[in-house]
Structure formats: structure tokens, C-alpha cells
Amino acid sequence: MNAPRFTNRRAAFWAGIHDAVGAPVLVLFAGMVGFGAMGRTHGFDAWMTGLTSLLMFALPGQVVMLEMLISGSSFLAIAFAVSLTSARFVTMVVTLFPQLHRRDRNRGLYLWVHLLAMTAWSMSMREFPHMAAKHRLSYFIGLGLPCWLIAMPGTVLGYFVAGWVPDAVTLALVFINPLFFLLTFTEVRPWANRIAIGLGCVLGPLFYVWDADSSLLATGLVAGTIGYVVDRRWLRPAPVEVQP
Amino acid sequence: MNVAVQGWGVWLALSAACLGTYACRALGVKLSGHIDSESEIFRWVAAVTYAMVAALTVRMLLMPLGLLATVPMLLRILMCVVSLAVMVSRPTRRMGPALLIGTLLMLGYGVVRTT
């Protein structure tokens, strides 16, 4: 890439906002509305349901927490199970943040990391290679901020409309989230990641039946390692493309 | 309605869950400081992450909790296939139309089912 895609950080930030307002915000909003409705139907407090979205901002973990609260699990068990479902954040951050400019890789990241969700991650992984390293953090913040800000209003809205919205609408809202992630998989480029995704789709349910709690981690390690090894041994061209 | 769902126990669980989730993010930041985006370990971790995300997505679609579970599995898969077909029907990806088609199909199913 020769000419930089953005003139400055501000332009990159607004481009992030621009990319967020559309599918990503819609997807997150739908997911959070669904979560709010779930909180209401399970008899939780509106404040508690809304704060969960703001402070945890990780839908699978939030759902696990509600389910476990209902079944009467101890808070230690809940913390453990939720952390396990959030383990993916460790690798998501590890794959995203090394692509940032050296100057941006400082303590401030401990703040910005809270904006990371699967939506912002998949978009950033796709877009980062097409922009200069110094613009990536601004773009990421622009992308993540609207997604995070929409989480609590979406949840509260879902909480209050639950019950009088027809089932068909709720059904569509709940479906948007996984559908979006499925669709983003078609945009993944490196073969190692493509193989990992394909295998992950097949092995995920199998491992889930075998042991639900550890299934995500187990699937990731097995499918990811196979994808990586196959790519490295047979598919990768000898000189690796140089990223700008 | 479970008694445990009310009171301070809920807030304790919420705090613990938030801390646990943030700890994972912070651990990622900590570890990412030592990893180069051109390195082999980076490529491996990326593949592992994509596999985890794929497994999570498939779980949400094939083994959903709640309302989505009331839709027959075959219909769920069919709607995904139609959306994917729209998505890859052009070299320039069409996220908007694909997402819309899938959502409308699900909405349509919901309407037909209730009438």
C-alpha cells in the first residue's frame, strides 16, 4: 500500500465511527435488546441487567451469568464459568493489539481494551492490514465506542419492551447476532484462519456434547493448531507478504 | 422465581463476573506487549482464536438457548445457507443485504408460526 488511507488519526477515528454505524452497531444493539428481554423474563432488576451490558460487555458471558443465577449457583462458580467463556478475549487481544503502532502500545490500552467485542474484533482484523499502523488505534476506538455506548440503552430497551413485542420480532433480534458472525467468516483471508474456522464449526458442537465448559478452548486449540500447521507446511508461499 | 436471584448475591455475582471478564481482557493486553504481529506464535494464536469464535457462533446457531431453540434446526440451517449465498454472490461482499435477508426470513417464520 503506497498512499496512506487516512490523512490523520482524527480521520481514522471518524472512519471507525462510520464503519460501526451500520451492521456492527445493529448487531450489538439487537443482541443487547435480546439480553434485556431475557433479564426481564427471568425476573431480574432493570439496573442490574443494564449494568451487566455496560460493565461486562460480553454477551455470551452475560447469558451464562443469568442462567447460572437462575439455577442458584454460587458466585464463585459464576465468576469462574464467566471467566472461562471470556477466555477468548485473551487471544483476541493478543491477535489485535500487536498490530498497533509501537507508540500506542502503552497503559492506555488497559482502558481501550474494554471496547473490544467480537464485532469490533472481526472488523478490525479485516481492516487493520489496509491502513497505516499509527492510525489503527484511532480507527479501533471509533469502531468500538458506538458499539459499547449502544449496549446499555439496547439492554434497557429490551428490558422494557419484553412482553409486548411479538415473538417473531424477538426471534429475528436473537438471530441477527450469530448470523453476523457467520457472515464475517466469508471475509477472512489467511488460509490458516479459514481452515481453523471450518474445523471449528465441525468440532465445536462435538466437543460441546463431550464437555460443555471446556469446549470452546478445546475446539480452539485443536482446530486452530491444525489450521496453522496445514497452512505452514503445505499452503503458505515461501516468502511471506510484507505488511505495510 | 428463585430467591437467590434477588438481593446482594446478585450484585456479588455481577461484580465477580465483571472482574473475571475484564481480567481476561487485561491479560490479553499484558501478553500482547511481548508478541510481534509478524511472528509465528501470532499466526498460531490467530488461528486458535478464529476456531474459538467459529465454535461459539455454531453453538449459538445449532444449540441455542431460549427462543431460537423453538425454531426447527433444519430451518435455522437453511436460513444461514441462504444468507451466506447472498453474501458470497458478489466479489464485493454484501453484508447488509445478507444480514437483512436472514433476519427477514426469521421474522417471516415467526409471523407464519403465530398465525
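Author: What follows is a set of questions and answers on helix contacts, the chain interface and salt bridges in this predicted model.

Reader: How is helix 2 of chain A oriented to helix 10 of chain A?

Author: Helix 2 of chain A covers residues 23-41 and helix 10 of chain A covers residues 167-184, and their axes come within 8 Å of each other. The two axes cross at roughly 135 degrees, which means that the orientation of helix 2 of chain A to helix 10 of chain A is oblique.

Reader: Is the crossing of helix 10 of chain A with helix 3 of chain B left-handed or right-handed?

Author: Helix 3 of chain B spans residues 73-87, and its axis and that of helix 10 of chain A come within 10 Å, crossing at roughly 45 degrees. That angle makes helix 10 of chain A oblique to helix 3 of chain B. As for the handedness of the crossing, helix 10 of chain A passes helix 3 of chain B in one that is right-handed.

Reader: How many charged residues are in the contact of helix 10 of chain A with helix 3 of chain B?

Author: On the side of helix 10 of chain A we find A:Phe175, A:Leu179, A:Leu182 and A:Leu183, and they meet B:Arg76, B:Met79, B:Cys80, B:Ser83, B:Leu84 and B:Met87 of helix 3 of chain B. Sorted by class, the contact has 8 nonpolar residues and 1 polar residue, and the number of charged residues is 1.

Reader: What share of the area buried between chain B and chain A do carbon and sulfur atoms give?

Author: The interface brings 76 residues of chain B into contact with 96 residues of chain A. Between them an area of about 7500 Å² is buried, and the share given by carbon and sulfur atoms is 79%.

Reader: Which residue of chain A meets B:Glu40 in a salt bridge?

Author: The rule finds 2 salt bridges across the interface of chain B and chain A. In one of them, with 3.9 Å from N to O, the side chain of B:Glu40 meets that of A:Arg232.

Reader: How many residues apart in sequence are the parts that A:Arg9 and A:Asp104 tie together?

Author: A:Arg9 and A:Asp104 form a salt bridge, with their closest N and O atoms 3.1 Å apart. A:Arg9 lies in helix 1 of chain A, whereas A:Asp104 lies in the loop between helix 6 and helix 7 of chain A, so the pair ties together parts whose separation in sequence is 95 residues.

Notes. Residues numbered from 1 in each chain as written. Chains lettered and ligands numbered in written order. Predicted model: local features only at pLDDT ≥ 70, side-chain atom pairs only at ≥ 80, totals over all residues. Heavy atoms only, no water. Axes fitted to C-alpha atoms, helices over the stretch in contact; angles between N-to-C directions. Helix = DSSP H or I, 4+ residues; strand = E, 2+ residues; numbered from the N terminus. Parallel < 35°, antiparallel > 145°, perpendicular 65-115°, else oblique. Contact = heavy atoms within 4.5 Å. Buried area = accessible area lost by both parts, 1.4 Å probe. Salt bridge = Lys/Arg side-chain N within 4 Å of Asp/Glu carboxyl O. Left-handed = near helix turned anticlockwise from the far one by under 90°. Nonpolar A, V, L, I, M, F, W, Y, C, P; charged D, E, K, R; others polar.
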